[in-house]
Every structure is written in structure tokens, then in C-alpha cells.
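User: I am new to this structure and would like to learn how to read its features step by step. Could we go through them together, beginning with the strands?

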Amino acid sequence: MEEKKLDLNSIIGFIIIFGILLFMLWQNKPSEEELAAQEKAKQEQIDAAKQEQNALIENSKTEALADVPLEALPDSLKTIALQNKFGAFAYSASQASTAENPVVKTDLLTITFDTKGGQISEVKLNKFVNYDSIPIYLVKDKNASFNINFGTTDNRILNTKDLVFQPKVTKSGENTIVSMKLKVSESKFLEYRYIIKPDNYLIDFTVKSQGLSDVINSSQEVNLDWSLKAFRHDQSIAYENRYTRLTYQQDGGNIEKLGHGDQDNEVEEDVDWLSFRQHFFSSILTNDSAFKSISLTSNNLVQDEEIDTVYTKLYNAKTTLALSGNEFNENLGFYYGPTEVKALKKAEKGLDKSIPLGWGIFGWINKYLFIPLFGFLSSVFPYGVAIIVMTVLIKLAMSFVQYKQYLSQMKMKVLKPELDAIREKYKDNKMKMQQETMALQNKAGASPLAGCLPALIQMPVFYALFMFFPTAFALRQKSFLWADDLSSYDVIAELPFHIPLYGDHVSLFPILAAVAIFFYMKLTTGQQTMSAPTQEGMPDMQKMMKYMIYFAPIMMMIFFNQYASGLSLYYFISNLISIGILLVIKNFVLDEEKIHAKIQVKKKNPKKESRFQKKMKEMMEQAEQQKKMQNQKGKK
């Protein structure tokens, strides 16, 4: 086998190839410019990677800062967190870290302001306590919220309730001015300005801004949101809740209110003020230029009246604010105080109309008669005695009405035998029966309407008084005899159980009023049943009256067991006086024999018929003629 050896030619070939490779490598070596460009590209890649890493670290820091309380962050990170959260308004938040919540005290109010939101966080009425002798608070423990929602030019949606305001308290004469500023800088801010007067429950409140035209996004709506949960203050939850209503006045003076059921809401226009009324106390928001459109909501929070509850109603009002030159400029006002005529009148703006005195003539009677009369009497007598004196005066003034009613009943009683004879004679001719009955009553001057019309005259007075007593602030926590509070129910016994509609206690004044009503109805219904003839086809009034004698007092006792004892006292005294007046009229004023003689004289004298009577007579004759024609056709 031949041995392989390295050939000289092969070695030379390898050397030549290696030399060619070296020459090619030398020939393709990059220049200094190309080496510099490569180095720059490499460095740019390294820098981009570092920037991406830093961005990821910064984002993770921002997300982490959002979950950490500002107080726990160092100053360097706190500034970043505030900027991320509030944008331009981070300046105000950073400056207000050590600011205290201002407290202003007058003879009437103690008001605490919160730097967060710049709003009122607590309102105490210094002169009043609730049924359990605890001070009255209208705002406390975050039961109320005032917020303005707006957009900014850096695409943020901010709520003032989340932002930190810088407070400043100054004096202007006797008035105290609290300025709460939400700052972008020292010269650019949104300001809440409160003016507290020493002798007034109304707080002047303005919302104005300066230098924010380039911060606020005018293309987005600016919304105001005010809400309040009404505290319970009275002994009876059911009674207080009945008079806890959202009331408002529209431009032009019309007073409206939401229902007091489970929920009610309305969208109204041109509203001057709105009242979150809590029976004897009110929280009211006013506007000098009226709210153009406002959404109002009322929710009942008392689901079970047998269970004690902290709140009675949840109120809410939402409206849109119009910017002026891309700046805030609103003149508003807050009233925190009693639902009482003098205090509300002093606040002006027609706020006294928020008291539910009744509509139309009923409200006029209360406003111009009963309120001034009771105000005078209560300045002379104790409040319970003042109610009795006012009741006596009203009953004496209305005694002529009672006289007319009883006179009409006696006339009908005298005519009853003749009316029964007419009904017997024309029992087969109903039309003729009615004609003869009306003719006899007309000649004798004993129309049944003569007894109804006086009763109608009394209705406005009775209804006005029914509205007066539950809203009479002067009666609140005034005692009389066994009643500790004439504006609430009196208690002579506590029940170990709850009776539906009646309650878990026994009130004496409603029982006394029910007894008085029973005896009064016993006297009047006896006279009415004797004078009222029974008509065929009509209900037996005598039986109905007998039932009503017992039914009405029982209903009175049940219904008024949780009402104001002052109202029950009024009805008790009123019915006692009515019984006395009736006995005097019956025994000393009217004589049945004399009335009978006068009726006989009137029957003999021709009496001119009125147009109404002639028209009724013609209609009845036409109806009778038509009936005769129909009967004749039927026989054919």
C-alpha cells in the first residue's frame, strides 16, 4: 500500500489562500468614521433600554404611591403623588398640610369647616336640644355633603369634596368671614366664602374663582351636588317623619314639595331655594339668581316605625352651574336653624313660606290670624293656658255658625210630620214627592242646605288649626299638666307591646278629646236623626249616625295617640265648649213652639221663588212630563 505524504504544491496553495484571506480582511477593515458610527448606535441602544427600564420603575412607583397615604410618604414622593392626583391643584394640597379646621361660634350656631372639600362639616344649634336633651346637630358625622364636579384642561375630572382647601378666618364688623381657597398658585384659586352673622341663621355663601380660565375645561358641565341625611330629633319617629319634607320655591313664589313616601323625585326649573326640612328644623340652600334646572330626590329611611332610627330622610339636589367668563361666580346661601316664622323671616328670601301652614285660604288664616293671636296669648299666659284661651275665643267667634246649624235642625224636626205625610201621599210618584217637599221647605224657610252651609264655613278654620298645631314651633318642649311637650304626644302609661296604628303608649289628651266628641255627637246626632226623614232607596241615616257616635271617637283616640298633645288639647276644649254652647242654645235661646209658630206664619205668606228654585221646578216638571209620556207609550 502506497504511503501518503504532504505535497509541496499543497503547502504552497494553503499559504497562498491564507495570504488572500489576510489581504481581504485588511482590505475590508472599517474606517474610523464607521467605527464611531457603530459605537454611537450601540450606545443609543443602551440608552433606550435604560429609559424603558426607568419608565417601568416610575410607573410602578406611581401605582404604588396611589395606594400609600400621603402622610406616610417622604416629601419628594409626596409632591409626585399630589401632582398625579390633583394636577394643577396639587399646590393647594401641598400648602395645607398643617392647616386646622376652622370653628366659628355665635350665640345661635357653632359651625365647623373641613379643609377637605372646603365645606361645612358640623352645625350645632346652640339654643336647642332634642327630646332626649342632646344638642341639636343638623350637620355631623358626614351626614351632609356639598360637592362641585368639574373638568380641567389636562383631562382630569375633579370633585371639590376630594380636594384640600386653605382656610382663612377674618372679621368684618360683627360678621365672621371664613375663606376656603383651592389654589393653583397664590394668585389663581377657587374660593368658598362664608359670611356668618351673629344674630342670623342664614350664612351668605359665594363660590368664585380667579385666574382659572386656563385650568377649567368649559366644554364640560360643572355640576353642584348637595345631599343630607336628616337626623331624628322628636320623640315620635312617625309624627316627625310626617312633617319632614323636601320643599322648594320656584321663581314666581310657588311653593312645592316632594312626597313623604318611600321615594320621590322631580326635575324642576327656576328654583329660588330648596329646604331639607326636618319638621322643626331646616337646612336650606338659596340662590340669588335661581337654579335654572335642578334634580331633587327624597328617600324615606324609616322602614319600621317601631324601631328607633338615627335618620328619617335622605335628601339630594343636583344642578348645573354656569361659568361666567370661564370662571365661577355664584351667590348662594345656607340656612341652618329652626322652622320658625321669626327666624325664617329674618333670613328673608321668602324662607318663611317653607313652613307648611296649608294652601290657599288655610295658610292665610294661619299666617294672619292664628300665628299672631297665639303669639300674643303665649306672651301673656303659659302655653297650655294660651291654647285654651285661643280655643275659647275661636269657639265664641264661631258660635253663630253653631246657632244656625241647630236652628236648621229644629226647623226640620218641626216639619218632620208634614214631610212624612207628603212622602206617604206621593209614595208612588217620586217626582211629585220631591216637588212638594221642596215647596214646603221653601215656604217654611227650612232648607237642609241651611244646616250644611254653616258647617262649610267652619271647615277652613278647622283645617287651618289642624295645620297650625303640628307646625307651631313655639309649642316645642313646652309642658302643660302631665304633658312634657305640647308639640309631641303625652304619655300616662307605657305599653309592653306595640299596637298597629296606636303605638306603644297611652296618651290621655286624645282619650279626653274622644270622650268629649262622643257626648257632643250624642247631642247633635240625636237631634239630626229626629229631624231627618227617612227616604226610600236611601241609606238608613239613623243607623249610620248610631255607628258614627262610637266610630268617630275611637278613630280620634287612635289617630291622635301619636300626634301633638297641643292639638288633642285643642279638640278636647273645643268640644267641651261646643257642648256648652249647644246646651245654652237648646235650653235658653231657641224655643220649639215659637219656631213652629213662625214656620206656620211663613207658610201662609207667599214667598217669591228664586231663579234657581224656578229652574229646578221647571226641570222637575219636564222630567215628570217625560216620564208620563214614556208610561203612555209603554201601555200602547
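User: In what order do the 4 strands of the open sheet stand?

Analyst: Strands, like helices, are DSSP runs numbered from the N terminus (at least two residues of E for a strand, at least four of H or I for a helix), and two strands pair if DSSP finds at least two bridges between them. Here 4 strands form an open sheet in the order S1-S2-S3-S4, with antiparallel pairing. Strand S1 (103–105) and strand S4 (135–139) are at the edges with a single partner strand each, so one side of each has no neighbour in the sheet. From one strand to the next the twist averages 15°, where axes are lines fitted to C-alpha atoms, for helices over the stretch in contact, and angles run from 0 to 180 degrees between N-to-C directions. S1 is joined to strand S2 (residues 109–113) by 3 bridges, and Val103 stands opposite Thr112 in S2.

The model is predicted, so local features need pLDDT of at least 70 and side-chain atom pairs count only at pLDDT 80 or more, while totals for chains, interfaces and linings use all residues. Residues are numbered from 1 along each chain as its sequence is written, and side-chain values use heavy atoms, with hydrogens and water left out.

User: Which residue in the turn between S7 and S8 has a positive phi?

Analyst: Strand S7 (residues 166–172) and strand S8 (residues 175–185) pair in the antiparallel sense over 7 bridges, and Ser172 stands opposite Asn175 in S8. They form a hairpin with 2 residues between the strands, and Gly173 in the turn has a positive phi of about 70°. In the hairpin of S18 and S19, with 3 residues between the strands, Leu501 takes a positive phi near 75°.

User: Where is Asn155 found, and is Asn155 buried or exposed?

Analyst: Most residues other than glycine have a negative phi. Asn155, although not a glycine, has a positive phi of about 65°, and it is found in the loop between strand S5 (144–151) and strand S6 (157–159). Asn155 is exposed, with a relative accessible area of 74%, on a scale where buried means under 20%, exposed over 50% and partly exposed in between (1.4 Å probe, protein chains only). Asp270, also not a glycine, has a positive phi of about 50°, but Asp270 is found in strand S14 (residues 263–278) and counts as partly exposed at 30% relative accessibility.

User: Which residues touch the most other members of the largest nonpolar core?

Analyst: In soluble globular proteins, nonpolar side chains tend to be buried together. A nonpolar core is a set of buried Ala, Val, Leu, Ile, Met, Phe, Trp, Tyr and Cys residues joined through side-chain atoms within 4.5 Å. The largest one has 70 residues, of which Tyr194, Leu274 and Phe334 touch the most other members, and strand S15 (residues 281–300) gives the most to this core, with 6 residues. Another core, of 49 residues, lies apart from it and includes Tyr239, Met390, Met410 and Leu465.

User: At what angle do H7 and H8 pack?

Analyst: Helix H7 (residues 361–380) and helix H8 (residues 383–397) pack at an angle of about 130°, with their axes 9 Å apart. That makes H7 oblique to H8, since angles under 35 degrees count as roughly parallel, over 145 as roughly antiparallel, 65 to 115 as roughly perpendicular and the rest as oblique. Residues making the contact (heavy atoms within 4.5 Å) include Phe370 and Leu373 of H7 and Tyr383 and Met390 of H8.
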